[in-house]
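Take a look at the chain below before reading on. This briefing goes through its fold topic by topic.

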Amino acid sequence: MLYNQPHEKLAKIEQQLEKAHLDLTNRNERIAKLNSNLEDKTAELEKTKTALRLLKLSHRIARLKVLDQQTDPESQKLISIIEFFEVNREGAPIDTQRQKFEIEGDRVYVECLVAKFEDQYIEAADLDRATAICSFQRIFGEHQKPSEGYELDKVGSSPTSYARGGNISAFEQKIWDDFWEIASDREKAAQIGIRAAHADAPSTQVHKGVTYELELRATGGFDLVPLPMHDK
C-alpha cells in the first residue's frame, strides 16, 4: 500500500501535466486563430477605408486658374499663366503649394493616365473597383508637344487625392506600377476587372481671370468646364 502511493502520486502529477500541456496547446491554438481573425479584420478594414476614400472621391477634381495671358515679344505666341491645383469635394485646395505654368497658346491640355473598371464592378460598388481612377501626368499648350509638357504627379508617386489620410491600397499601387503593361495586355487587365487603361488629355480654350474645373467621372470620362464667377 505504501509502496503504491508514490506511483499513484506520480501518475496523478503526469496526468495534471498532460492536462496542463493540452490546455496550453488549446489556448495557443485559440490565440493563433484570434490573431488570424484579427489580421483578416484589419485587412478588411483597410480595404473598406480605401473604398470609402475612392467613393468619396468618385470625381478626382483639379482646377486650372488663368492668372494672366500675354503675347511673347519674340515668338508672338500667346502665353497663358496657369495655376494648377487639386481640390476636395468642397472645393478647398488639397495641397497648400500650388503649381504655376507658362503655357504656349490659349488651349490647355491636361494629360492623365486612366484605369476604367468593368461596369459590373461600378454597379455593384465593389470595394476596390467602384470607380475609375487616374493619375495626372502633364500639362501643356497647343503650341507644345506633350513631351514638352510640365510634370504634375511625380512618376511612381501616389495620386495626391487618393493618398491623403493614408496610403493607397496595394491594388491601386499595382495598377500604377504596371500601368502600360496592363494597358497593352487585355488578358492581364481583365484579370483585375479593368476594361480600359490608357492616357487621355482633356482640353479647353482658356481665358484670363477664369477658373476651370477638371472632374473624373466614375465611368472614366472627363469634364473640363469653366466655373461660375462666385465659385472661383
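Is C112 buried or exposed? C112 is buried, because its relative accessibility is 0%; buried means under 20% relative accessible area, exposed over 50%, and partly exposed in between, using a 1.4 Å probe and protein chains only. This is a predicted model, in which local features need pLDDT of at least 70, side-chain atom pairs count only at pLDDT 80 or more, and totals for chains, interfaces and linings use all residues. Residues are numbered from 1 along each chain as its sequence is written, and side-chain values use heavy atoms, with hydrogens and water left out.

**Overview**

- The protein chain has 6 helices and 10 strands. Helices (H or I, at least four residues) and strands (E, at least two) are DSSP runs, numbered from the N terminus.
- Of the chain's 232 residues, 37% count as buried.
- Contact means heavy atoms within 4.5 Å. Among contacts in the protein chain with a separation of 6 or more, 62% come from residues 24 or more positions apart.

**The sheet**

- An open sheet is formed by 5 strands, in the order β3-β2-β1-β9-β10, with antiparallel pairing. Two strands pair if DSSP finds at least two bridges between them.
- The edges are β3 (99–104) and β10 (222–226). Each has a single partner strand, so one side of each is left without a neighbour in the sheet.
- From one strand to the next, the twist averages 25 degrees. Axes here are lines fitted to C-alpha atoms, for helices over the stretch in contact, and angles run from 0 to 180 degrees between N-to-C directions.
- Strands of a sheet pair through backbone hydrogen bonds, either parallel or antiparallel.
- Strand β9 (residues 211–216) is joined to β10 by 5 bridges, and the two run antiparallel. E213 stands opposite V225 in β10.

**The loop between β1 and β2**

- Q76 sits in the loop between β1 and β2. Its phi is positive, about 65 degrees, although Q76 is not a glycine.
- Q76 counts as exposed because its relative accessibility is 56%.
- D72 also has its place in the loop between β1 and β2. D72 is partly exposed, with a relative accessible area of 27%.
- Not counting residues up to four places away in sequence, D72 touches K77 and I79.
- D72 and E104 are 32 residues apart in sequence. In space they are 9.2 Å apart, C-alpha to C-alpha.

**Cysteines**

- The structure holds 0 disulfides. A disulfide is a pair of cysteine sulfur atoms within 2.5 Å.
- C112 is in no disulfide, and its nearest cysteine sulfur, that of C134, is 5.0 Å away.
- C134 is in no disulfide either. C134 is buried, with a relative accessible area of 0%.

**Nonpolar cores**

- A nonpolar core is a set of buried Ala, Val, Leu, Ile, Met, Phe, Trp, Tyr and Cys residues joined through side-chain atoms within 4.5 Å.
- The largest nonpolar core has 23 residues. Those with the most contacts inside it are L64, I82, F84, V110, F136 and I139.
- At least two residues of this core come from each of β1 (61–71), β2 (78–87), β3, β4 (107–117), β5 (133–141), β9 and β10. The most come from β4, with 4 residues.
- L64 touches residues including I82, F84, V110, I139 and L224, not counting residues up to four places away in sequence.
- A second, separate core has 13 residues, among them A115, I133, A189 and I194.

**Aromatic pairs**

- There are 5 aromatic pairs in the structure. Rings of Phe, Tyr and Trp (its six-membered ring) pair if their centres lie within 6.5 Å; planes under 30 degrees apart count as stacked, over 60 as edge-to-face and the rest as tilted.
- F84 and F136 form an edge-to-face pair, 5.5 Å centre to centre, with 85 degrees between the planes. This pair links strand β2 to strand β5, 52 residues apart. Both F84 and F136 are buried.
- F101 and Y150 form a tilted pair, 5.1 Å centre to centre, with 35 degrees between the planes. F101 lies in strand β3 and Y150 in strand β6 (residues 150–151), 49 residues apart.
- F101 is buried at a relative accessible area of 7%, whereas Y150 is partly exposed at 30%.
- One aromatic cluster is formed by W176, F179 and W180.
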